[in-house]
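Subject: Structure handover

Hello,

Here is the structure for your files. Please keep it open while you read the notes below it.

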Amino acid sequence: MGVLIEQKKFLESEIDKIIFVDHSGIAFDLVKSKNVCKFKYDNGISLIDKLCDEFKKSINSNDGCILYYRKLIFDILTNYYSNSKKINIIIKDFEQFYKNKLDKKIRDYVACLVNELKLYKSHIDKQCITGHDKKLLKKSFNVKENFSHFVEKSSDLTYPNLGVSKLRNKSIITMDSKFKTAYDDAISIKKTHSGYILGIYITDVASYVCDDTLLYEHARQRGESIYTNVDNSSYIPMFPHDITRNFFSLNSGHYRKVIGHFFKFSDNFELIDVQIKPVNVKISRNYTFDEVDKIESDDANYDMIYLLYKLVDGLKSYFNLDYHVVKEKNGTVIRKNKYLDSVGSSIITISTLFLNSYIAEVMSRNKYPFIYRINDTSLSDKLLNSSIYSVDDLGHVVNNGNCYGHITNPIRSFASLLNQYFELMLIIDEKYKKDVIDKDAFIEDWSCKLPLMVDELNTRLFLNSEYKDAIEKIFDKQLTKKR
């Protein structure tokens with residue numbers, strides 16, 4: 001929406017509609033405009049003051065928009081009021097409001113906002129950040145970094161007696177960004193007389209990490225590994241570093257237990273057959289995306305990477321790949337997809353999208369417990385990003401409205417870890433099963449307890465996102481001042 005509309009009344013009504021009526025995700029793009037953020041109504045009240053009032057009303061009525069308003073307030077204050085007294089006035093106002101009798105969970109949201117705004121304002125002047133400040137941010141958002149002394153070491157982890165065979169394929173590779181230090185997935189391809197066989201290998205974390213282990217509990221509390229754009233020291237893994245990088249990671253030259261997914265396609269890229277089984281594979285090489293883009297014809301995997309790109313190019317029509325679309329109640333936000341800017345990232349993006357979509361559809365068709373990724377904002381007040389997790393297969397825009405769920409990154413995502421566990425228990429053939437189970441009892445048990453876990457997971461991931469946003473903005477101010 002253009003912000004240079006001359007009719008003030010029209011602009012005022014449009015801002016209200018997007019921010020206060022529809023609660024649309026378009027608001028997060030709208031507040032990037034300084035003109036809109038500094039906007040004042042005819043009665044003299046500013047947009048930020050009205051947002052703060054609505055935030056308080058939302059808290060008092062618990063109407064489901066608490067996190068939405070909180071995010072908008074933080075974005076506006078940290079982007080456009082850095083050099084004014086406004087941020088201090090609002091901090092004091094919220095501190096006074098915090099003294100009211102509030103639900104503990106809601107009090108935490110207010111406390112987090114106050115603490116991060118204090119730090120942000122402080123570092124505009126101090127030009128530095130200390131270890132104490134980092135700890136304060138982590139405490140505010142309940143971000144856990146350290147692991148219990150009693151948590152299992154890699155030597156404590158045992159693999160169940162599955163019918164696992166070695167797959168003697170010499171060309172199984174990983175492709176990832178140059179900053180990644182642990183690899184969840186690997187890929188291979190074979191050309192047949194009538195088409196292709198695509199192999200996608202996901203490191204088998206679920207077979208090692210059972211729900212009665214401390215590793216599992218730590219992963220559940222964290223929700224995901226936390227990456228920031230600041231430095232490597234800000235990286236917080238979901239599992240201990242040694243287990244993440246040296247035990248679960250699909251490092252080149254090492255054999256690893258994986259769940260192998262073998263998709264047989266025709267020359268016209270139609271899916272003919274699928275086989276899923278645990279296998280033991282040796283990774284031949286870990287490529288960065290830059291290395292794939294610059295690969296020469298004398299590279300041993302040049303022909304395979306060419307075939308991979310040819311196949312995934314034919315699979316593009318399965319997905320909404322040109323844009324990342326955020327579906328809202330009464331509108332749509334379109335942002336350019338950043339994951340298709342190189343050959344390597346295109347291969348990994350499309351192949352993992354295909355696997356995630358296929359497993360989600362199998363789970364949905366059989367009514368098995370599964371954590372779906374959805375972006376229907378009418379479902380939850382926590383939908384501040386493009387999508388959230390749900391136990392209901394309401395569809396995802398990336399899969400053209402069909403069901404979708406993560407299973408490809410169990411090292412760094414608790415949802416993916418649980419989904420891999422469900423895959424092991426419910427999809428893989430009996431001879432490969434982790435345990436002999438009563439399937440009906442298993443499904444009933446998880447169908448009962450999964451909704452609460454997913455709700456907790458969405459809240460945890462929101463707080464992680466806010467923590468990352470806060471620490472990146474503070475560091476950004478520090479680094480900008482130094483330059």
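Predicted model: local features only at pLDDT ≥ 70, side-chain atom pairs only at ≥ 80, totals over all residues.

Residues are numbered from 1 along each chain as its sequence is written, and side-chain values use heavy atoms, with hydrogens and water left out.

Salt bridges

A salt bridge here is a side-chain nitrogen of Lys or Arg within 4 Å of a carboxyl oxygen of Asp or Glu. That rule gives 16 salt bridges. One of them joins Asp 49 to Lys 86, with N to O at 2.9 Å. Asp 49 belongs to helix H4 (residues 47-61) and Lys 86 to helix H6 (residues 86-98), so this pair ties together parts 37 residues apart in sequence. Helices are DSSP runs (H or I, at least four residues), numbered from the N terminus. Asp 49 is partly exposed, at 26% relative accessibility. On this scale, buried means under 20% relative accessible area, exposed over 50%, and partly exposed in between (1.4 Å probe, protein chains only).

Lys 138 and Glu 145 form another salt bridge, their closest N and O atoms being 3.6 Å apart. Lys 138 is buried, with a relative accessible area of 13%, whereas Glu 145 is partly exposed at 34%.

Glu 217 and Arg 220 also meet through their side chains, at 2.5 Å from N to O. Both sit in helix H9 (residues 214-222), three residues apart, and so are separated by about one helical turn. Glu 217 is partly exposed at 27%, as is Arg 220 at 28%.

Helix H12

Helix H12 (residues 302-315) has 14 residues and spans 20 Å from first C-alpha to last, close to the expected 20 Å. The expected span is 1.5 Å times one less than the number of residues. Its buried residues include Met 304, Ile 305, Leu 307 and Gly 314.

Surface patch

Asp 290, Glu 291, Asp 293 and Asp 341 form a negative surface patch. For such a patch, residues need over 30% relative accessible area and no salt bridge, and like charges are joined within 9 Å. Asp 290 lies in helix H11 (residues 289-293) and is partly exposed, with a relative accessible area of 40%.

Regards

Technical notes
Patch = residues over 30% accessible without salt bridge, like charges linked within 9 Å, V, L, I, M, F, W, Y side chains within 5 Å. Areas by Shrake-Rupley, 256 points an atom, 1.4 Å probe, with all protein chains shown as cover. Lys, Arg positive; Asp, Glu negative; His and termini not counted. Charge placed at Lys NZ, Arg CZ, Asp CG, Glu CD. Helix = DSSP H or I, 4+ residues; strand = E, 2+ residues; numbered from the N terminus.
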